[in-house]
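Please keep the viewer open as you read.

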Amino acid sequence: MSTHPTRCRICESACGLLATVEDGVVTRLVPNADHPLSRGYACRKGPAFAQVQNHPKRVTTPLLRGPDGLAPTTWDDALATLGPRLGSIAREHGPDSVGLYLGNATAHSLGAVLGSEALRTGVGTSKGYSALTLDNSEMFVVLEEVMGNAWSNFLADYDHSDLVVLIGTDPVASQPSQIQSRPGAISTLLERARADQLIVVDPRRSETAKRCSWHVRPRPGGDASLLAWLVREALASPSHRDRATTDALLD
């Protein structure tokens, strides 16, 4: 049995972990107190990956669908079967009839990133999707509008905030990645709550909602109306009108 420092691959925070290895198998993952950034913190997902890796139903070989359902096969047989199918679909319906989807944490594997891009280019499709397409597209839009660059990420600055509004997130239970790499951020967040400066918008009475200053509980399905109202108020604010006038003059 041996212990090796490693990191979590679930999000960009890459919290430090210690892996216990027995006979070449990772049997346990725990937060690494000596990691310079995470300092012994990790959300529940990272350490649980030891169970995921060793789960008896984990898919470790390609599967092909046959008359009796999915069955294990070799990589050579899988590629020989799927290659002609994709080629036929692309020729008959055009390259964009083929779409690629990359699951979470693919960005942590250079081989997966380069390989998927080579496949997309080879097929000639512009339809590339990932986990970010589902839950982070809006973040890149906001970053581009606010900072001028969709790749200029940010850290939540609770220390210098006069008011913090959290919508549909529960950082006390599972910290969002924007603050996860800063140890002690949850303590700062709770300080905002004690100063009457933390609002949580969530139908559920989450762990964060239990500790906030104000808990707004929209009816399920009513969040779109609430957000539309907030957008309307933001667009009607004097600062936004001034910016719109300035942009029009520059154009």
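## A charged trio

Let's begin with Arg211 and Glu207, whose side chains meet in a salt bridge at 3.2 Å, N to O. The term salt bridge stands for a side-chain nitrogen of Lys or Arg within 4 Å of a carboxyl oxygen of Asp or Glu. Glu207 also forms a salt bridge with Lys210, where the closest N and O atoms are 3.0 Å apart.

## About the model

This is a predicted model, in which local features need pLDDT of at least 70 and side-chain atom pairs count only at pLDDT 80 or more, while totals for chains, interfaces and linings use all residues. Residues are numbered from 1 along each chain as its sequence is written, and side-chain values use heavy atoms, leaving out hydrogens and water.

## Asp202 and its partner

A search of the whole structure finds five salt bridges. One of them joins the side chains of Arg204 and Asp202, at 3.5 Å from N to O. Side chains of opposite charge can pair when their charged atoms come close. Arg204 is partly exposed at 49% relative accessibility, whereas Asp202 is buried, with a relative accessible area of 3%.

Asp202 lies in the loop between strand S9 (198-201) and strand S10 (214-216); helices (H or I, at least four residues) and strands (E, at least two) are DSSP runs, numbered from the N terminus. The side chain of Asp202 also reaches the backbone nitrogen of Arg204 at 2.9 Å. Which residues does Asp202 touch, not counting those up to four places away in sequence? They are Gly168, Thr169, His215, Val216, Arg217 and Pro218, where contact means heavy atoms within 4.5 Å.

## A nonpolar patch

The largest share, three residues, comes from H8. Leu227 lies in helix H8 and is partly exposed, with a relative accessible area of 37%.

## The whole chain

Stepping back, the chain has nine helices and 10 strands. Its radius of gyration is 23 Å, well over the 18 Å that the globule rule gives for 251 residues, so the chain is more spread out than a compact globule. That radius is taken over C-alpha atoms, and the rule is 2.2 Å times the number of residues to the power 0.38. Along its principal axes, the C-alpha trace spans about 60 × 55 × 35 Å.

Of the 251 residues, 27% count as buried. Among contacts between residues at least 6 apart in sequence, 41% join residues at least 24 apart. The chain exposes about 17100 Å², with carbon and sulfur atoms supplying 57% of it; accessible areas come from the Shrake-Rupley method with a 1.4 Å probe, and for residues only the protein chains shown count as cover.

Notes: Buried means under 20% relative accessible area, exposed over 50%, partly exposed in between (1.4 Å probe, protein chains only). A polar contact is a pair of N or O atoms within 3.5 Å; within protein, one must be able to donate a hydrogen and the other to accept it, and residues adjacent in sequence count only if both atoms are side-chain atoms.
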